[in-house]
Each structure stands twice: as structure tokens, then as C-alpha cells.
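Please examine the sequence and the model below, then read the points grouped by topic.

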Amino acid sequence: STILALIQRWNQKEKQKIEIEKEKLEAEVKYLKQQINPHFLFNSLNNIYSLALTKSDITTEAIIKLSTILRYMIYDSQKEKVPLQEELNLITNYIDLQKLRMNEKTILNFKIEGDPDSYYIEPLLLIPIIENCFEYGCDNIHDSFIDIIINIKDSTFTLVTRNKIIKLAEIKSTSKGLGLNNLKRRLELLYNNNFEFSIQQKDNIFEVTLKIDLRK
């Protein structure tokens, strides 16, 4: 009876440790996700402010796009997972918002291949990569390009982005700072070893590749 009591007590302590660790991980993921919103909002409002200063006719359209994005961030992003199509809609709306301020100096190539139906993903997981492309690869002064290619095949989600580096001095802080460093930590917490994430910088080109096993 003494041995049985000790075993039961040990099992109880192990369960408590697992619950505590789970709560800590959930709290960290929530904290990392919350860090994205102010950063994203700040940059978007700056873009709309620039449009307003020039009395652009597309200012109203930009505000509507931002409203749709914020609605997703406030309500849908609180879920543990969302349909992949909803996350892709967020990316599309964000890119549309960026296109409103772009000129012919930047060539944009945005493509989605494959069928996202029936797949789910953690919300706000992709936006740091996409945002990085426009923030450091587009200034409407220098000739540049941005490639954003998304592929869904055999339960594997792949995102590849490439952009010319316009702000060379600042790109280093992006890879080490809030955006991509934040994302890498979230991926580690959410997907364990079921993802690949790489950053390459060569010949003034910045490339990010993300692969996720959507079955996990």
C-alpha cells in the first residue's frame, strides 16, 4: 500500500508538471502573438497616413482594407488554429494594402498554388515574413522586386519570399529582432520538429523559406 501511494503521488506530481509546462508554453505563444499586432498596426497606419498627406483617392480603400485585417486580428487570431484559407486571405489583404502605395519601381510577383481547403494553421504565423518583404524591399525610389510564392501540396505548406534589399543597414535588425526572431520561436513552440525555416542573404537578395507539415 505504501508503494502504491508513492506511485500515485509521483504520477500526480508528473501530471502537475506537465500542466504547468503546457500553461507556460501557451502563455509564451500568446505573448509572442500579441507582439505582432502593434508592430503591424504601426506600419499600416504609417502607410495610410502617407496616402492621406497626399490626399490620395485610394485612402478610403486603404482604410477599408486595414479594417478587414484588424477584424481578423482581433477576433479570429484568438483561436488556436484557423482555416488556412483565412490566413491566406489575411496575406492577400495585406499585400493589396501595400500595393496601394507602390509604384512601378517595385515589381511584385504574388502567387498561391495548390488547394488550401481542409487545412488549418496557427493564426498570424505568416504575416511577419510578408511584412518584412515590403518594409525592407520597397521604397518607391529604387528599382526593386518582391517574390511571394505559396504552395500547398501533400499536406505540406511552403512559403518562399525573395526581395531586393533596399534598406541594407536595417535588414540585420529584422532577422535578429521582433519580426523573424519572434516567428522562429513561435514555430519551435507550436510545431516542434515539423517545420523548416531558413533565412539567406546573398548578393543583395534576402530570401526566406518556411515549410510546415500541416498534418501536425
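In helix H3, the buried residues are Leu-84, Glu-87, Leu-88, Leu-90, Ile-91, Asn-93, Tyr-94, Ile-95, Leu-97 and Gln-98; buried means under 20% relative accessible area, exposed over 50% and partly exposed in between, with a 1.4 Å probe and protein chains only. The model is predicted: local features need pLDDT of at least 70, side-chain atom pairs count only at pLDDT 80 or more, and totals for chains, interfaces and linings use all residues. Residues are numbered from 1 along each chain as its sequence is written, and side-chain values use heavy atoms, with hydrogens and water left out.

**Overall architecture**

- The protein chain contains six helices and seven strands; these are DSSP runs, with helices (H or I) of at least four residues and strands (E) of at least two, numbered from the N terminus.
- Along the sequence, the elements follow the pattern α-α-β-α-β-β-α-β-β-α-α-β-β.
- Of the 216 residues, 39% count as buried.
- The chain exposes about 12600 Å², of which carbon and sulfur atoms supply 52%; the areas come from the Shrake-Rupley method with a 1.4 Å probe, and for residues only the protein chains shown count as cover.
- Among contacts with a separation of 6 or more, 73% join residues 24 or more positions apart, a contact being heavy atoms within 4.5 Å.

**Helices H2 and H3**

- The 16 residues of H3 should span 22 Å at 1.5 Å a residue, and its end C-alpha atoms are 23 Å apart, which agrees; the expected span is 1.5 Å times one less than the number of residues.
- Thr-59, Ala-62, Lys-65, Leu-66, Ile-69, Tyr-72 and Met-73 are the buried residues of H2.
- Those buried residues fall within an arc of 145° seen down the axis of H2, so they line one face of the helix; the arc is that of the directions from the helix axis to the C-beta atoms.
- The face of H2 turned away from the buried side carries the exposed residues Thr-60, Ile-64, Ile-74 and Tyr-75.

**Nonpolar core and aromatic pair**

- The largest nonpolar core has 46 residues, and those with the most contacts inside it are Phe-134, Phe-157, Leu-159, Leu-187 and Ile-212; such a core is a set of buried Ala, Val, Leu, Ile, Met, Phe, Trp, Tyr and Cys residues joined through side-chain atoms within 4.5 Å.
- Helix H3 (residues 84-99) supplies the largest share of this core, seven residues.
- The whole structure holds one aromatic pair; rings of Phe, Tyr and Trp (its six-membered ring) pair if their centres lie within 6.5 Å, with planes under 30 degrees apart stacked, over 60 edge-to-face and the rest tilted.
- Tyr-94 and Phe-134 form an edge-to-face pair, at 5.9 Å centre to centre and 75° between the planes.
- This pair links Tyr-94 in helix H3 with Phe-134 in helix H4 (residues 127-137), 40 residues apart.
- Both Tyr-94 and Phe-134 are buried.

**Positive phi values**

- Ser-118, although not a glycine, has a positive phi of about 80°.
- Ser-118 lies in the loop between strand S2 (106-114) and strand S3 (120-121) and is exposed, with a relative accessible area of 66%.
- Leu-124, also other than glycine, has a positive phi near 65°.
- Leu-124 lies in the loop between S3 and H4 and is buried, with a relative accessible area of 0%.
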